[in-house]
Amino acid sequence: MKILSIETSCDDTAISILECKGGFKKPSFQVLANFSNSQIKIHAPHGGVYPMLAKREHIKNLPILFKKTLEKAKLDKKEKPVDAIAVTYGPGLEIALWTGITFAKGLAKKWNVPLVPVNHMEGHIFSVFGKHKGKFKINLSRNMSPMLALLVSGGHTELILIKDFAKYKIIGETLDDAAGEAYDKVARMLGLPYPGGPKISKLAEEERAKEKQSLRGVSQADGPRGSAPRVRGDSDPEKISFSVVLPRPMIYSKNFNFSFSGLKTAVLYLIKKIGPPRLASGEAGKLNEETKSKIALEFENAVIDVLVYKTMKAKEKYKAKTIIVAGGVACNKHLKRQIKKATDKDIKLFFPEKELTTDNSIMIGMAGYLQFSKNNKKSSKLSDIKAEGNLRFR
Ligand code: KG4
Ligand code: ZN
């Protein structure tokens, strides 16, 4: 069967058509068309996603992408081009979600096909098995359960226990900021553009490589973990070199929850202590490019230390056989490296391909097809499908 899928939960408008076969037991997919439009450039001047602008852009771009998608799949001349539609109904920005849902409902009525509402986070879980083009299948027959999913994005940081496909339990989540959100906020403090994740990560990678070269394996942060931020000057006051130490919030807490807001505040205090990038005299201040890179490195180390430590603890407790890492932050090189390092060879480890780390409609089509097959092709009443900004796994 052919499924058209729509994603508009945040700042990406995306539409795909997948040819799906095999049902819930042996699902396989072929990407017939896949188009998306990122709104990053539009939101960047606001330092984050501006909901009214997101809504406006989705409304503008949905018909454009829709036309391209049908043409690419060579279905534009058909009266009923697909057999079902899948649409993200939450979590996300409610007014953005409604644009996709309203568009999808219009098509479902016109073509008289079922509409499958999809949880965006379930989509991220399935993204690790997908491809942005060509054919692929999900091998559910392997002995993979219980699985553990670390979902890390701009809006979420969650550890999900998957005892069986489509049976999810949140075992830990952030109490305040999501990991990606912390990256974005710290980037703003350092004067880096939105989205901050890729920028901080690039600075951190460069600094890590530099330190590796000069220190040869000696840990940069020599202070106790979990302590307040410090700035240490060396003996030459003219040539201050900073050794930045940030806390690892909740790393040893007895649960699997996270908290990144304190880490962000620690960076704020640190920057205040260091002083502005430029002095009133016009001279360069101490928050120069080198110091920014050091802060980026220590911040990234702090976030990834906590994510990896808690994921491994959860893996032990729940005896997980598979670890899935998904969401925008899943493309972070250090996270990938550290998770790989910490995971035994007998654990199956899945990350999405780069094109499927950020929000996309392929994952929504996959999740939609699996749900539709599992429910024996029963679908919801159109009037029952509503945007749920705070949707949680249930
Ligand atoms: O999943 P996603 O595309 O959108 C949401 O559903 O939120 O995730 C976007 C988030 C942003 O906060 C962005 O800064 C972060 O993912 N991100 C990264 C990296 N690339 C994107 N964070 C850390 N390292 C990266 N390389
Ligand atoms: Zn997402």
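Analyst: Terms first: a salt bridge is a side-chain nitrogen of Lys or Arg within 4 Å of a carboxyl oxygen of Asp or Glu. A search of the whole structure finds 21 salt bridges. This is a predicted model, where local features need pLDDT of at least 70, side-chain atom pairs count only at pLDDT 80 or more, and totals for chains, interfaces and linings use all residues. Residues are numbered from 1 along each chain as its sequence is written, chains are lettered from A and ligands numbered from 1 in the order in which they are written, and side-chain values use heavy atoms, with hydrogens and water left out.

User: Which residue does Glu 207 form a salt bridge with?

Analyst: Lys 210, with the closest N and O atoms 3.4 Å apart. Helices here are DSSP runs (H or I, at least four residues), strands are E runs of at least two, and both are numbered from the N terminus.

User: Is Glu 207 buried or exposed?

Analyst: Buried, because its relative accessible area is 4%. Lys 210 is partly exposed at 47%. The cut-offs are under 20% for buried, over 50% for exposed, and partly exposed in between (1.4 Å probe, protein chains only).

User: What does Lys 315 meet in a salt bridge?

Analyst: Asp 344, at 3.5 Å, N to O. This pair links distant parts of the chain, 29 residues apart. Lys 315 is in helix 8 (residues 289–318), while Asp 344 is in the loop between helix 9 (333–342) and strand 11 (348–350). Lys 315 counts as buried at 10% relative accessibility. Asp 344 is partly exposed at 42%.

User: And what about Arg 394, which residue is its partner?

Analyst: Glu 388, with the closest N and O atoms 3.6 Å apart. Arg 394 is exposed, with a relative accessible area of 70%. Glu 388 is partly exposed at 28%. There is also a network: Asp 177, Glu 181, Lys 185 and Lys 264 are joined by salt bridges that share partners.

User: Switching to the ligand. Which residues come nearest to ligand 1?

Analyst: Gly 154, Asp 184, Gly 197, Gly 328 and Asn 332, out of 19 residues around ligand 1. A residue is near a molecule if one of its heavy atoms lies within 4 Å of it.

User: Which helices supply at least two residues of the shell?

Analyst: Helix 4 (120–127), helix 5 (179–189) and helix 6 (196–215) each do. The shell divides into five nonpolar, 12 polar and two charged residues. In that count Ala, Val, Leu, Ile, Met, Phe, Trp, Tyr, Cys and Pro are nonpolar, Asp, Glu, Lys and Arg are charged, and the others, Gly among them, are polar.

User: Now the backbone. Where are there cis peptide bonds?

Analyst: One joins Gly 90 and Pro 91, with omega about -10°. Pro 91 is in the loop between strand 4 (84–90) and helix 3. Another joins Tyr 194 and Pro 195, with omega about -5°. Pro 195 sits in the loop between helix 5 and helix 6.

User: Which residues have a positive phi without being glycine?

Analyst: Asn 112 is one of them, at about 55°. It lies in the loop between helix 3 and strand 5 (115–119). Asn 112 is exposed at 65% relative accessibility. Lys 319 also has a positive phi, about 50°. Its loop runs between helix 8 and strand 10 (322–326), and Lys 319 is exposed at 63%.
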